[in-house]
Structure formats: structure tokens, C-alpha cells
Amino acid sequence: MLAVKLKLFCFINFVSLLLGSSPVWTASVAVGNGEVSTSIDLRMPNVQPQIADSYFCRALKMNAETYITGFQPKADMEIAHHILIYGCSIPGSEEEEAWDCGEMHNQQLEQAPVCQEGANIIYAWAMDAPALHLPAGVGFKVGGDSGVGWLVLQVHYKSVDAFLPPKNGYDNSGVTLITTEKTQPRRAGIYLLGTLGQIPPHSTTYMETACSFNEPIVMHPFAFRTHAHTHGKVVSGYRVRKGEWKEIGRKNPQLPQMFYNITHPGMTVESGDMLAARCTMVNNDNETVSIGATSKDEMCNFYIMYYVDGEALAKTSTCFTGGPPDWNWSLLSDLHPENAPLNASVVPGTKDLLKATQKFFNEVEKTIERQRQMMRSQFEGILGAFRGFRGSRPFAAGAGAAAENDFPRGENDLFNVDGMQSDDDGNDSEAPFFRSLFGSDDAEDGRRY
């Protein structure tokens, strides 16, 4: 019976290619221990995008609780710039076989977002990356009570030459999902770090992002993926724990953009840690390049594929910053950027450090100074208002201390209203926070790019 199913599956797909139709097909295979693996072929329904950098989407309803344990891409990088699979609670469209989910406004398809609600990335592919198989016992839970009622395939078409006259071709790019209905003890998830920002002409620029991880779970990273366009040379990601940086992964994004094994197998990410990433960009063009959706723009992404023991995934699955010139690691003191690895911008397999150009440093210094001036102004305004508040209060003789203590403070608030810091013995000293914020000889020490 199994052989008959497999022959029928292959025959149907062969006929679909000949006739120009590509519905979603499935085939089941017994893999032992009573577990049955089912392949779901999720592909575009022979679309003809007419505008370069089009984004097309297609949805698949997931009813029964299912675990995805592998991904087999069915695409060509000459046609598909990249492919994403989203998990959605409600897709952008439930009625259309395919829809336009980008910014190019192809008139032959309805336009709608990828997801109406509950968007989470499950898989990403680019640059002819090969198949991905998750570790034993790990799976992306979809359907049932997972909160992921739909899967949405998104394909970015960099070039549409193959679909215009005289070729007039059709496309059915997509992914074959390897699934099982057997409960997997470890649930998989994706955490994405990225930036916005700009890359000045004739510069080497560091696009950096970082966030605190404050989830009540233990995350077990097991794979990473980098994504950038033509200007990306190195993308690196890190876990920072108590000021100590540990590499999750580092890769040249011009290589196949698959999920690779992490640098330190067995590492964890726990509440109180920080996650950080850097994209080293080299722009030899005469124009500024910005982060954007088209292939002429840039992207800076670092994906972490992880698992948890049990059901709970990270509630926050993304970490994005404004990027250069408005944001860089040095603006987040808890990150201890002075400890950032020197090889964060070294292309793997080489000893070549791509140093940021002076143009980048100048922009960073301008940003830091703007931040200082803004925060100084805000602090002085608050300080002036509070001093006026103190001066207007009728302190009774002998009751001044008690009245001042009536002002609400946090349990661990050691700062008094004069910008001084009191130690545990009540002695005042210049607050190091304000000294570093508003500039001092020490403020520049240890800043590493």
C-alpha cells in the first residue's frame, strides 16, 4: 500500500508540472516506532509575477495538531530571491489561491498582508540552500491548539524575466514540509535579530542590534542563519551573559543562506541574558543604501532556530533597532560593548578584519552626542521642576527629612535630586551614570567597533 501511495504521489506531481497546476499534495511514509512521516508540498500555484521584487503569498489551513520536522526547498535562486514560511493565526487572505503580499502592487492578484494576526517566521531560504532536518524529538508545532492555524508561503521574485514575453513562464516555487502527528517533546521556534538604518557611500558600516532576553524559559539554540543582500560581508550573532560574549554563529551571507549548526553546541539563552548581532556592510557605490524590501536595498538579519523543553516559546520573537547612524552597541551599557569579540567583523575562513571607516565613526559620534544632549536637556528639565517642587514645600522644623522621604522612590533608587549618588552609608558621590552619559574622559574608554 505504501509503495502505491508513493507512486501515486510522484505521478501526480509529474502531471502537475506538465499541466501547469500545483495544488498542495501530501504523501505518508512509515518511519518506525509507529510514527508516520507526511510530506506536504506547499508551492506557488503557477503564478506569473510581472514586476521585479514582487512578493507573492499562499496559505495552507492546518487543522490537526502537527509537528514540522524538516524542510525541503523546491526553488531556484535565479527565480526566487528568498522564501519565508510564516505561521499565522489568521492569514492575509483565506479566499485567494495566491495574493500579492508586497509593495509592488501586481494588478493580477489581490493585495493583502502576509498575516492578519499572529505572524511568526517558521522557516527561511535563499541562495540555493539545501534541505533542513531538525534534531530528533524537535518540531515546529502547528494546527490544533498551537495558535498557528495557518501556514503562509511567501516568495520574493527578484527577477521576472522568465515570466514575461517571449518566455511567458510560470512558477511553482515552494517547500516540501516533512511532518508528523506524533507529539515531539521539544518545541521549535525562531528568534530574529535585525536592524533598520543606512550605509553611506564608499564606506564599511556596522549595522548592530541587541535586546534583553526576559522570558521565563530556557532557549536552546541549535542552528543559525544569516541574511543580507549584496553589500553584506559578515553577519555575526552573540549571547551576552554578565558582560561575557559568546558566539552563536558567524557567516558570510553570500554563501548559501541555510541554517548552520551553532558555534557552541549545548549553549543556552536564559532570562537576564542579552542577544546581539552585527552585519558588516561594504558599500562601494556612489549612493547611500538603506534597509528595504527590494533587492536593490539591503537587509540585516540574524536568525536563531531554537527549541524548548515543553510547550512555551518566547513571547517576543524579534529584536530590531534603528541601526546606523542612530543606533549601535555603544548606546547600551548593559551590553558591555567593550567586551565585544574582535572577530565579529572577520570573514569566517580568513584573518581579514573589516574595519568600519571613519565616515561610520563620525556618524556614530554625532548620534552619541545627540543622545547626550537630548537626555541632558530632559534631565535638567526634570531636575528644575523637582527643585521648584522642593522649594515650594512648607517643611516644618524638625520634619524636613520625613517630608522629603514622602517623595515616591523605587526600592533600589540611590539617586538624589542633585544628580549625586548615595551609597549604602548615605555618603554622596558623583553619579557614574550621569558622568558616562554626559561625557567624561572615561566615556570613550573601551568603545569597540
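The following exercises, each with a worked solution, concern a predicted model.

**Exercise 1.** Determine where A228 lies, whether A228 is buried or exposed, and which residues A228 touches beyond those up to four places away in sequence.

*Solution.* Begin with the secondary structure, where A228 is placed in the loop that joins β17 (220-227) to β18 (232-241). Next consider the accessibility: A228 has a relative accessibility of 4%, and because buried means under 20%, A228 counts as buried. Then list the contacts, which, once residues up to four places away in sequence are set aside, are P253, Q257, M281, E298 and M299. Finally, compare sequence with space for A228 and S295, whose C-alpha atoms are 9.7 Å apart although the two residues are 67 residues apart in sequence.

**Exercise 2.** Identify the element that holds T226, classify T226 as buried or exposed, and name its contacts outside four places in sequence.

*Solution.* T226 belongs to strand β17. With a relative accessibility of 3%, T226 counts as buried, because this value falls under the 20% cut-off. Leaving aside neighbours within four places in sequence, the residues in contact with T226 are V235, K251, P253, Q257, N301 and F302.

**Exercise 3.** Find which residues form the negative surface patch that includes E96, and state where E96 is found and how accessible E96 is.

*Solution.* The patch consists of E94, E95, E96 and E110. Within this group, E96 is located in the loop between β6 (90-91) and β7 (99-100). The relative accessibility of E96 is 36%, so E96 counts as partly exposed, a class that lies between the 20% and 50% cut-offs.

How values were computed. Residues numbered from 1 in each chain as written. Predicted model: local features only at pLDDT ≥ 70, side-chain atom pairs only at ≥ 80, totals over all residues. Heavy atoms only, no water. Patch = residues over 30% accessible without salt bridge, like charges linked within 9 Å, V, L, I, M, F, W, Y side chains within 5 Å. Areas by Shrake-Rupley, 256 points an atom, 1.4 Å probe, with all protein chains shown as cover. Salt bridge = Lys/Arg side-chain N within 4 Å of Asp/Glu carboxyl O. Lys, Arg positive; Asp, Glu negative; His and termini not counted. Charge placed at Lys NZ, Arg CZ, Asp CG, Glu CD. Helix = DSSP H or I, 4+ residues; strand = E, 2+ residues; numbered from the N terminus. Buried < 20%, exposed > 50% of the residue type's maximum accessible area, 1.4 Å probe, protein only. Contact = heavy atoms within 4.5 Å.
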